[in-house]
Amino acid sequence: MSAFDTNAPLLPEILSLHGKWKGNKSALICGDETLTWQQLELETNRIANALIAKGISRGSMVGVVMSNGRAMVETLIGIMKAGACSVPINLSVTDEAMANMLLDAGAVAIFTTDDQTARAQTLVQNITDVQLVAGNQGLATLKEGAATTLPDIGIKEDDPLNIIYSSGTTGMPKGIVHTHGGRRDWAYDLAIALRYNGSARTLFTIGLYSNISWVGMLCTLLAGGTMVVEKAFDAAAALAAIETHKITNFAMVPIQLQRLLEVPGSDRFDLSSVQAIMSCGSPLHATLKALLFDRLGPSSVIELFGLTEGIITTLEPEEAEGRMASVGKPLIGTDIKIIGDDDKEVPTGQSGEVVGVGRIVMPGYLNRPDATADATWHAPDGRKWMRTGDIGMLDADGYLYIVDRKKDMILSGGQNIYPQDIEAVLFTHEGINDVAVIGVPSEKWGETPLAVVVQEPDATESSGDILAWANGKLGKQQRLADVVFTDVLPRNPNGKILKRDLRETYKDWQHG
């Protein structure tokens with residue numbers, strides 16, 4: 001046994017040490033505001049101590065109904081340092097869904113930004129015994145007179161640090177629990193995979209309630225880099241921010257990356273500072289990946305496949321040649337397998353559900369042992385693995401290819417059809433800007449594929465033209481029943497196409 005304290009520090013202590021050793025370095029930039037690491041340390045300690053004084057500490061759930069900015073960053077870190085558990089809420093959900101999430105979490109306090117205060121005040125009318133820290137003034141009042149030292153409250157590794165509610169793209173949202181120890185391990189493992197270090201300058205354009213943003217935030221905070229937080233995504237503004245702030249790292253979903261390349265005159269922006277981009281949320285189709293490599297360099301784009309629940313793979317850019325459709329190999333310390341409908345592991349090259357195990361996997365869903373059980377695969381050796389709900393295939397070299405979401409799979413005439421395969425073909429058509437393939441009811445086949453297409457502005461092809469072109473390239477079982485045009489595809493704030501919404505829209509589809 002060591003004579004010295006060798007316990008691995010948790011994030012509150014790590015951040016406090018940054019305040020000591022990186023004091024004058026910029027930690028956070030939001031518009032015209034810049035906070036050094038020392039300032040961030042003092043401000044977040046005030047929030048933590050004020051919460052503890054109100055009885056909000058280990059085991060307490062704190063709702064965060066806030067838009068991006070300095071206040072939200074300070075609040076999330078302050079809650080963490082208090083030992084409480086933050087529950088950041090996706091601002092795009094309905095009031096009913098938001099209230100249900102806060103009730104499910106058992107929130108004892110809710111922080112808001114000015115733009116969300118009126119909404120939260122309406123919500124808390126139906127939530128008993130909850131304290132509202134309303135807007136900028138509420139946060140300033142909370143901080144008044146609070147101590148600036150890091151509170152010593154004995155946070156444990158398995159204490160909950162935050163709860164992220166699932167996007168609900170395939171069903172009712174579930175609260176995904178992350179612990180203090182787990183989030184520290186997320187930070188370490190992903191910082192290595194995504195190439196973060198102390199000089200990282202990370203751009204955030206997605207809401208900080210999203211786990212996509214949490215990945216970048218955890219890595220930057222761990223490394224002691226600088227967070228540059230934008231209110232929202234605007235492609236031209238993002239390019240300008242990359243140039244102005246010499247951004248080294250950022251995460252975006254494929255549709256955002258596509259919009260960056262579509263900005264008129266995008267080639268005039270200096271993006272030479274960029275070292276690593278994380279593309280996630282949905283598949284990065286090979287054509288777009290190649291364009292990004294051309295614009296940003298062949299070593300900068302890292303595709304990540306992952307779940308907020310904690311199964312992650314990345315494709316190293318140096319390994320992308322010849323396998324542009326792959327999402328790579330598991331994160332350090334993570335293992336994956338492919339299992340069939342009989343729950344047995346399938347041979348290399350065959351498709352099945354991706355299951356995984358590793359140290360960053362969530363301990364479970366909040367208040368939902370049934371959902372946790374449904375997401376569990378019991379290996380022959382008794383070990384519990386997590387089901388991802390994604391259909392994948394491993395090649396002979398161990399690279400993972402995502403075939404589709406299990407729930408998005410189309411069953412037509414007894415055959416499994418994977419929309420992503422069809423979408424990959426459609427994306428090669430120069431007249432198509434965006435596309436989603438869904439299954440619609442068919443009296444003959446049970447289900448049949450329908451392509452919902454957003455055309456390029458100057459496209460002239462009819463839906464019939466695209467249908468004939470696509471079916472000439474697709475396999476017999478994959479052929480589309482029809483192509484319909486739309487102005488925009490429904491997406492959640494993380495860029496995932498809401499195929500459930502599309503299936504509802506086109507449930508009564510009839511050809512012609």
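## Strand 25 and its pairing

Val452 has Val484 as its bridge partner in strand 25. This is a predicted model, in which local features need pLDDT of at least 70 and side-chain atom pairs count only at pLDDT 80 or more, while totals for chains, interfaces and linings use all residues. Residues are numbered from 1 along each chain as its sequence is written, and side-chain values use heavy atoms, with hydrogens and water left out.

Strand 24 (residues 446-455) and strand 25 run parallel and are joined by four bridges; two strands count as paired if DSSP finds at least two bridges between them. Strands (E, at least two residues) and helices (H or I, at least four) are DSSP runs numbered from the N terminus.

Strands in the order 23-24-25 form an open sheet with mixed pairing. Strand 23 (432-442) and strand 25 (482-485) each have a single partner strand and stand at the edges, so one side of each is left without a neighbour in the sheet. On average, neighbouring strands of this sheet are turned by 30° against each other, direction ignored.

Helix 13 (residues 419-426) lies across strand 23 and strand 24, and runs at about 145° to strand 23. Helix 14 (residues 463-471) packs on the sheet, where it touches strand 23, strand 24 and strand 25, and its direction makes about 140° with that of strand 25. Contact here means heavy atoms within 4.5 Å; axes are lines fitted to C-alpha atoms, for helices over the stretch in contact, and angles run from 0 to 180 degrees between N-to-C directions.

## Strands 9, 10 and 11

Four bridges pair strand 9 (residues 201-204) with strand 10 (residues 226-229) in the parallel sense, and Thr202 has Met227 as its bridge partner in strand 10. Strand 9 is also joined by two bridges to strand 11 (residues 249-252), again in parallel; in strand 11, Asn249 stands opposite Thr202.

Together, strand 9, helix 8 and strand 10 make a right-handed β-α-β unit. Right-handed means that, with the strands pointing away from the viewer, the path from the first strand over the helix to the second runs clockwise.

## Nonpolar cores

A nonpolar core is a set of buried Ala, Val, Leu, Ile, Met, Phe, Trp, Tyr and Cys residues joined through side-chain atoms within 4.5 Å, where buried means under 20% relative accessible area (1.4 Å probe, protein chains only). The largest has 66 residues, of which Phe111, Leu190, Met227, Val229 and Met278 touch the most other members. Helix 8 (residues 211-223) supplies the largest share of this core, eight residues. Apart from it lies another core of 28 residues, including Val228, Leu260, Val274 and Val301.

Beyond its neighbours within four places in sequence, Met278 is in contact with Leu194, Ile212, Val215, Phe250, Ala251, Met252, Ile302 and Leu304.

Conventions:
Buried means under 20% relative accessible area, exposed over 50%, partly exposed in between (1.4 Å probe, protein chains only).
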